[in-house]
Amino acid sequence: ADVDAIAILTPEEGTDFGWNQQGIDAAQAAADKAGVELIVAQGLGYGDVRPTLRELSEEGADLMIAHASGYNTAAPEIAEETGVPVAIVDAPDARKEGLIGDYTLSGHEGAYLAGVLAANQSRSKTVGIVVSGEPPAWNAQSAAFAQGVHAADPDVKVIYAVIGPAAYSDAAGGKRVTESVIAAGADIIFGQGNGSSFGMLQAVETTKAADGGDVLFIDVIGDKTSIDKGHLLSSVVWDMTPVFTAMIEDLKADEYGTKNYSIGVEDGSVFLLKTPQVDEEAWAAMEKVKDGIVSGEVTVEPVWEATDVRSLMSDVAQ
Amino acid sequence: MSAESVSADRDERLAPGGGSQWLRAAGKRLLMTVGPVVVALAIAGLLLLALGVDPLRYYSYVVQRGLLSPSGVQQTLTRMAPLLFLAAGLIVAFRAGIWNLGGDGQFLLGAVAAAASAPFLADHVPAWAALLVAFVIATAVAVVWSLVPALLKAYQGVNEIITTLMMTFLGASLANVLVKLVFLDPATTVPQTRTLAVADRLPRLFDTTISSGLVFGLIAIVAVHLMMTRTSFGLRLRIVGANPRAAIHAGLDVPILTVAVFALSAGLCGMAGALDVLGVQGNVRADWNPGYALTVIPMVFLARFNGFAAIAFVGLLSVLSIGGESAARRMGVPNDFTLVLVAIVLIVLAIAEYIDHRHKKAAGR
Amino acid sequence: MASLAHAPADRRAETGPIVSLSGVTKRFPGIVANDSIDLDLRPGEVHVLLGENGAGKSTLIGLLSGLQQPDEGEIRIDGDRRAIGSPREALAFGIGTVFQHAMLVPTLTVAENLLLGAPWWQRPRKHELADRVADLAGQLGMRVNLDALAQDLSLGEQQMVEILRALLRGSRVLILDESTSMLTPSGIEELGALMRRLVERGLSVVFITHKLREATAFGDRISILKLGRKVGELGPERVRGRDESSLIAEIVELMFGIRSDDPAAERRARTLFSDEVEPLLSVRNLSLTAGPNTPALTDISFDVRPGEIFGIAGIDGNGQKQLAEVLSGQRREGSGEIVFEGRTITGLPVSRRRKLGLRYLTDDRLGEGTVGSFPVAINFFLKQIGEPPFWKGAVEQTGRIETHADTLIDDYDVRTPSRHTAVGQLSGGNVQKVVLARELAEGARLIIYNKPTYGLDLANTLTIRERILDVAHQGKGVLVISTDLEELLSLCDRIAVMESGRIAGIVDYGEQARTEVGRLMIGLET
Amino acid sequence: MADLFSVVFLGALLFGAVTAAVPLLLAGLGEQMSEKAGVLNIGIEGMMIFGAYTGFLGAYLSNSMWLGFLAGMAGGMAVSLIMVILCVRYGLNQIVIGIGLTLGFEGLTALLHHFQFSRTYPRLPAAEPVSIPVLSDLPVVGAAFFNHHLIVYLAVALVAVMAFVYRRTQLGLNLQAAGDKPAALDVTGVNVVATRAFAVMVTGALAGLGGAYLANVGAGLFVPFITNGSGFLGIVLAMLSRGRPLWVLIGAFVFGLCLALTTALQVAGVNIPTDVIQMIPFLAVMVMLVAFGRRSSLPAALGLPYERGAR
Ligand SMILES: Nc1ncnc2c1ncn2[C@@H]1O[C@H](COP(=O)(O)OP(=O)(O)OP(=O)(O)O)[C@@H](O)[C@H]1O
Ligand SMILES: Nc1ncnc2c1ncn2[C@@H]1O[C@H](COP(=O)(O)OP(=O)(O)OP(=O)(O)O)[C@@H](O)[C@H]1O
Ligand SMILES: [Mg+2]
Ligand SMILES: [Mg+2]
């Protein structure tokens, strides 16, 4: 089929150095590569996106990427209604040939590697996970991070804390919870959250670890190097360009919806960011595990449920 | 604070009589409403200019999408449905002098109740019956939810502003807990309730995408308007709102009426939630809270608690939100501008009403 | 803040008035509350203002205390023309007022209330206050508990506090608006003595009262207001050194004087009732405890027979309103029994009593009698909501309401631009007609009128009295509560006088009725 | 598990509770003053968010926490000035204007953030804590309560100041009179409108400061909608406190503590969903309302505009 234009819909503005920004940037890259137009509808919130989906379908989008798990009820419905293919996340079973594609993404392999890196670089042998919510993709990364830590060093403690409901814009909550986790001994924080992740970053930048040294931050999805003040250890970067590129190609080849899309360490669409804060030895240890994943020696099973995630943490009362 | 102090609670129907007089009054009213909206748009336009955005283009996109394009207007009309129910619920309360600021909590619990029951019912009974029963359950849940502030107000005199505000916080939390822990759809990884199949939802109107919820919304608000203005029950409520002492003097049972007002108001807000789920959303996701009631409150004030005027203002809000979304996207302005616009319209209209009121006072008695 | 001890003393020599009003006029919508009034307030004098309810006394006080601005006329203070723009300015001129309605903050203590008005950045000078209060109270023989909450004081005690407050602020003119209405006889005596001491110190006291005896006993000068005009002034030479009864007679003549053009003077033929007639309404041993702002009712009993007009006289605030509310069902606390047409109705709510034919016309026509923002037409039917033929199956029958409203507007001569006009925009008299029409609606058996002609002009007053007589002629019972003696005398078969929540006496119609009721009303025994 | 609950951790947890409580405390104290004077200030959320924005902007541009706080107060007062003019001076409906201000300033600050900060997310340096000698060395409580930015101590001291103002100053008497019986205040020569205007301006200043604290210290940066209903919680705290500043402090701290508790329970590995735990403070408030919420607690003239001589 002909593909002239694709559209992406995001709940927040594409300036969050995270999920929204990565999505829009990747869609732009994929569109440029394929020579198609990209329509961006950002900051739509978590309410009803049906009106925007319908409008974009009228504007000639040949694929609408509904870039939020909250959109995965609405988008397939509009696809059925308008006949315009959509891409959704976190609903692999909803796939439908020619109409609905799922790109449930998980950086869990990357998070596993981040866990290895963190375990090797932690001075206090305690690391923390702070999340602003518990959507499946984040759960998978939290779990994999904890598994990676324990794989590298079973004695390293992992502390897990959720900021609380409606915490996506709760920057103050992000900072507060992160500070508590640091006080509990963590010197590396693996943080997932939108607006609140800036609060986590702030906490890491302004709080000293128990030994008086710096606390480091491992981010997810995006790349915050440009706003870092020397505390960013790494990030599990998600490059969605291959996914969106594959979608456009499949559309053109009339094969859209026949398979699910994902990202992974193997093809480099999930990778760890290397910052000056990285310890070379720890990085080398991580690289070794990465090779294991690529070669299939090491497999990381995603864990989607919040309760299962909790049970992987240290000190969890079973 | 009495309902009277908010707006001249004239009885519309019994208001101005003969032909030309009626026209003049209607014309004046239109002017008093449209004039300030234009002023407000101008002020908001200045803000756009300051942000380097062409206000005329912005507004023209808003109008094109929200009002003129066929699919846009269908979206506008669909969006209006739950808002109309909320407006109806708020009108009942405000006209009776009860400041129900808990609409959002009532809306959410109604929505969750509908989302929890409808898909389940649809497995066992015909879709229409499932919808009907889910609708009733949602309404009942919202009514029960309002009993706490209602009884506290009626028999203890506890200020309803604080209790309803509190119940909104509590209701949002509770809705979340229910979605995540009780009514979770086991088939998805995303925390949300089971989804009501599109085919089982409220039918759409003719060949459009307009949910038939719009019809119910219109019926609800017109019914509320007629109830408040044409029936003995509505008149009783209005008396309680306009002058509670007169209500006691006239022998009305104020506590019972107060509880009834809460029940009606919350019930309608719950229906709004049910309607949004049964007609449009199909399910409720965790952390979902569109906060419609808080934005509808000013609209209802602007409409001076008149149901028909409220339809117009809710329409305006819908046009602004559907059209604003599109205009924001095309002009690169964040969606949040719509909030600013609504606030400016509201404040300018309130000032206009004040000036009007002063004039009447100076001219009259 | 000059202390009382020295301030007025050196003014005793001054002879000119401290405050002097000339041609002062104040209009409210539909009423001229003060109509070109001239008044001098001199040092060393208790100046009594007398006048019926609504004569404009409080309005005049409002002008002096800066709450209201006159529409015409001038105010001179110490001979200079001044505007009293706000209460603050009034206080600065040395005008202290004790208002008719308590003006203390209920949730503050007495001391805190007395301290209000000092610059906001100051610490309250409680010790200084205590000393000054002790000093002043000692000199003047007052007792105050500075630590009591204002809301826990009786109305009389509250008034004492307000007097104290005015004195503490070094007032040269002290205005007391009906300060004795809530006092016990001994309290009144004390206040009288206090006023005397104050004027001896050179203050000017303005004293408003409804009790003629107080006026003659305490006053040096007496001015009489009627319908906003000053109709007479008796200077010290005419007040002092006369025997009380001739003075009272002169005042009564000025106040209640039967005008030659006043047809109200025509008395109705008295209805004769045999004792066998079953009473329509029997009130037995009705009692009610006092509320925070309402007087108690004590052991009230009386009967009203069909066709009878039974009057209740008394100074406002002696429990008349509470009695009416108990009878109508608006208040259902208290003890005693009410029997209506042979049936005990003590526990019934307002609506049930109304259905039985018991109607209550309130004196507070805007506060509770009507909904000001609703059209005239609806206000006619506030108490018939839901009843056929105006509502059918809960639906309003607009046509019927409107036609009937038009009939009532014609019948009762309601002057309104249209039936759609908000009732609050009508003049007081016309609002009254609306309420009246409502209570006389079908099915009335006994009607309680509370101040039925309050605030009305002569023509309207006569029409309404005419209607009350009609109602009685139809064999219905009528209870008229009024502060207007003339009105009661012209209407009633019997008149009960209420005083401090009791019935002080019941007077049958007759030659002596006027004197007897008059004496009971102003606190004399018959 | 036990070793996790180290002295340091407990200290940090309580420290977090204090940090979370301070904006609520300031908002509650501010709202309390308005309500005392008879003004129901629903616009406080708008005052807070604007204070958060201007406070952050001020601190960011001037590199001074204190100038930031001042700017936050000024921002809050700018919003309250609108409320003073419209509601106190001209008697417009307080609920309508309040909601209008809240919506408007939430939107406006989100817009401004988008154009100014959304590509750089500037963050402030850490707020310099002031350790109170001796006390800050105490285990747990030392770290929790005696090692905060000076503004925290000032906010807590404000409770005493407010209590002092209400109970021991002329101003306190004026405020209470303005809320309970404005006419009685008027006849003593005190300007009711000015008294109420003052109260609302103070509300703006405190709400603005609360917002600025939330942004500058609580988060260290500004993000849209950062106040997240704190202002509304402030209204509830003020209404529950029945005019006593200490109760606002207790209420705010209980809220903060509940938040800290959710973190503590998770770190302890107690597998209770956070959503359930987060309902606790709201439930507690409702229970208190049912138990103690009598009509006497609110000023008699709350929400009613004052006009001299009106009948
Ligand atoms: N604000 C107003 N708007 C409309 N009509 C009004 C207003 N005020 C007064 N009127 C009408 O103007 C006429 C005269 O009113 P006014 O108050 O002067 O009457 P009045 O002479 O005092 O009568 P009454 O003696 O019955 O009190 C009345 O018919 C009244 O209904
Ligand atoms: N603020 C006002 N607005 C409208 N009308 C008013 C106002 N104040 C007074 N009036 C009217 O002015 C008239 C005179 O009232 P005022 O209170 O001066 O009477 P008064 O002589 O003090 O009566 P009373 O003995 O009952 O205290 C009354 O008809 C009253 O209704
Ligand atoms: Mg008149
Ligand atoms: Mg008076």
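Of the five pairs of chains in contact (heavy atoms within 4.5 Å), it's chains B and D that share the most contacts. Chains A and C don't touch: no contact joins them, and their closest C-alpha atoms sit 37 Å apart. All of this comes from a predicted model, where local features need pLDDT of at least 70 and side-chain atom pairs count only at pLDDT 80 or more, while totals for chains, interfaces and linings use all residues. Side-chain values use heavy atoms, with hydrogens and water left out.

On to the rings. Over all chains, the structure holds 32 aromatic pairs, counted when ring centres of Phe, Tyr or Trp (its six-membered ring) lie within 6.5 Å, with planes under 30 degrees apart called stacked, over 60 edge-to-face and the rest tilted. F107(B) and W288(B) make a tilted pair, at 5.9 Å centre to centre and 50 degrees between the planes. F107(B) belongs to helix α5 (residues 103-122) of chain B and W288(B) to the loop between α11 (254-281) and α12 (292-302), so the pair ties together parts 181 residues apart in sequence. Helices here are DSSP runs (H or I, at least four residues), numbered from the N terminus. F107(B) is buried, at 0% relative accessible area, and W288(B) is buried too, at 7%; buried means under 20% (1.4 Å probe, protein chains only).

Chain D has an aromatic cluster made up of F50(D), Y53(D), F56(D), Y60(D), F105(D), F117(D) and F222(D).

Charges also sit over rings, meaning NZ of Lys or CZ of Arg within 6 Å of the ring centre and within 35 degrees of the ring normal. The charged end of R238(B) sits over F374(C), 5.0 Å from the ring centre. Within chain C, R467(C) does likewise over Y412(C), at 3.9 Å.

Conventions:
Residues are numbered from 1 along each chain as its sequence is written. Chains are lettered from A and ligands numbered from 1 in the order in which they are written. Helices (H or I, at least four residues) and strands (E, at least two) are DSSP runs, numbered from the N terminus. Buried means under 20% relative accessible area, exposed over 50%, partly exposed in between (1.4 Å probe, protein chains only).
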